[in-house]
Amino acid sequence: METKFLQVTMMYAREWEEAAQALLADSDTLGTQTLDPTTIAQYEAQHPDWELADGDALRADLHRAVEKAADEAWQADDVVQLVFFSDDDMGRQAIERLERQCYEQYGGEIRILQEKQVDNSHWEEEWKKTYHPLSLGNTMEIVPSWMQPTDTTRLPIFIEPGMAFGTGSHETTTLCLEALERLPLEGKNGLDLGTGSGILAIYMKKRGMDNVLATDISEDALRSARENAKRNQVDITFRESDLLKNVDGKFHVVVSNILAGPLLRLLPDLPTVLYPGACVVLSGLLATQQESIRNALEQAGFLVSKQTILGEWACLESAWPAEAGSDANGITR
C-alpha cells in the first residue's frame, strides 16, 4: 500500500467552496481532507466510528493540523483543504496545473499555501491512540479490538471501531445493552434485528444464550458483525434480511436498534416469531417518537414495561403476553 504522497494545502472562504470543488474534480487528485469547524462537527455527528474515541482529543488534533497546514492567520470562516497527489512526475504536473488554475481563475480567493511530501505509514497507530475501553451498565466493558480489558470484573465485548454502527457509546446502543443487562438470557433464543456491528448479539451470546440470530439489510454490516463475533469467540447465526423477511423460528428475546419508521412496519408481524412471554427491546427512536411507538406496541398486544430516555433518544421495553395468542387485555387473537 502506498504511504507517501504529495500534499498541497489550499485555503479559501466558505463562499468559494463550490468553485474549489469544481477545480479539484478535474485535477487528478488521490483524495482530499477538509479541515474546518463546520465539517468537523458534521463528521462527528454522522460517523458512529468516533463513539469509542476521545472526541475532544480528535478535535484538538484537527485544529492543530489546521494551524500547522495553513501556516498563516486562520479565520473561523476559512476552509483549509489538504489535497493529495501521487509522489511522481504525474503528481507534480497535476499540482502545477492546479496552482496555475487557482491563480488565473480566482486570483487570491483560492490560495495554494504550501506543497510537501507526507508519509502516512504510521497513521494507523496514531488513530488507535484516540480510543479507549468504555464501561457500560453495571457489568459490561466495550473494548477496542487491539486492547485488553481494564476491569476484570466486567464482561468484555471486543469491537473494531468504525466497522459498522454500534460501538457502545451512542445513546441507542447504550440503552439497548442496559435493557438486555436487566433480562435473564441464559439458555434462551435471541434475535437482533438490524445488528450493525453485532454488539447486541455478541452480548446476548456471551450472557449464555443458546442461539442468537442477527440480521441486517446491509451485507457490509454483516461482514463487520461476523468479524466482531470472531474476535469475541462466539457462535452467532448472521443473515441478510429486511426486518423479518428471512427470519424463521421463535425467540425469547428480540432487540432492534433501528429507526422509528421500520419499527412501526415491524410490529404487526413481530408476534409470529415470539414465544409467549417473550421480551422485546426497541430503540433507534427519538424521545419525541416514543409515545407513537408505545401506542403501536400496545395496539399490537404488547405489554410495555419500561421507557428510558438518554439524551435525545429513547428505548422501550415490552413483553408479549405469557398466554399465547392473547393481547394486553386478555382477548384471544
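What percentage of the 333 residues in the protein is buried? Buried residues make up 46% of them, where buried means under 20% relative accessible area, exposed over 50% and partly exposed in between (1.4 Å probe, protein chains only).

This is a predicted model, in which local features need pLDDT of at least 70 and side-chain atom pairs count only at pLDDT 80 or more, while totals for chains, interfaces and linings use all residues. Residues are numbered from 1 along each chain as its sequence is written, and side-chain values use heavy atoms, with hydrogens and water left out.

View 1. Helices (H or I, at least four residues) and strands (E, at least two) are DSSP runs, numbered from the N terminus. Of the contacts between residues at least 6 apart in sequence, 65% join residues at least 24 apart; contact means heavy atoms within 4.5 Å. The protein exposes about 16400 Å², and carbon and sulfur atoms supply 47% of that area (Shrake-Rupley method, 1.4 Å probe; for residues, only the protein chains shown count as cover).

**View 2. Here helix H1 (residues 17-25) packs with helix H4 (residues 89-106).** Their axes lie 11 Å apart, at an angle of about 145°; axes are lines fitted to C-alpha atoms, for helices over the stretch in contact, and angles run from 0 to 180 degrees between N-to-C directions. On the H1 side, look for Ala19, Leu23 and Leu24, which meet Leu98, Gln101, Cys102, Gln105 and Tyr106 of H4. These contact residues divide into six nonpolar, two polar and no charged (Ala, Val, Leu, Ile, Met, Phe, Trp, Tyr, Cys and Pro count as nonpolar, Asp, Glu, Lys and Arg as charged, and the others, Gly among them, as polar).

**View 3. Let us stay with helix H4 and zoom in on alanine 94.** This alanine 94 is buried, with a relative accessible area of 2%. Leaving aside neighbours within four places in sequence, alanine 94 is in contact with Ser27, Asp28 and Phe85. Threonine 29 sits 65 residues from alanine 94 in sequence, yet their C-alpha atoms are 7.8 Å apart in space.

**View 4. Seven strands make an open sheet with mixed pairing, in the order S10-S9-S8-S11-S12-S14-S13.** Two strands pair if DSSP finds at least two bridges between them. Strand S10 (237-240) and strand S13 (303-310) stand at the edges with a single partner strand each, so one side of each is left without a neighbour in the sheet. Neighbouring strands are turned by 15° against each other on average, direction ignored. Follow S13 to its antiparallel partner, strand S14 (residues 313-319), and you will find seven bridges; valine 304 has serine 318 in S14 as its bridge partner. Helix H6 (residues 171-181) packs on this sheet, touching strand S11 (251-257), strand S12 (274-286), S13 and S14, and its direction makes about 25° with that of S14. Helix H10 (residues 290-299) lies across S12, S13 and S14, running at about 165° to S13.

**View 5. An open sheet of three strands, S5-S6-S7, shows mixed pairing.** Strand S5 (134-136) and strand S7 (155-159) are the edge strands, each pairing on one side only. Here neighbouring strands are turned by 25° against each other on average, direction ignored. Strand S6 (residues 140-144) and S7 pair in the parallel sense over five bridges, and glutamate 141 has proline 156 in S7 as its bridge partner. Helix H6 packs on this sheet too, touching S5 and S6, with its direction at about 135° to that of S6.
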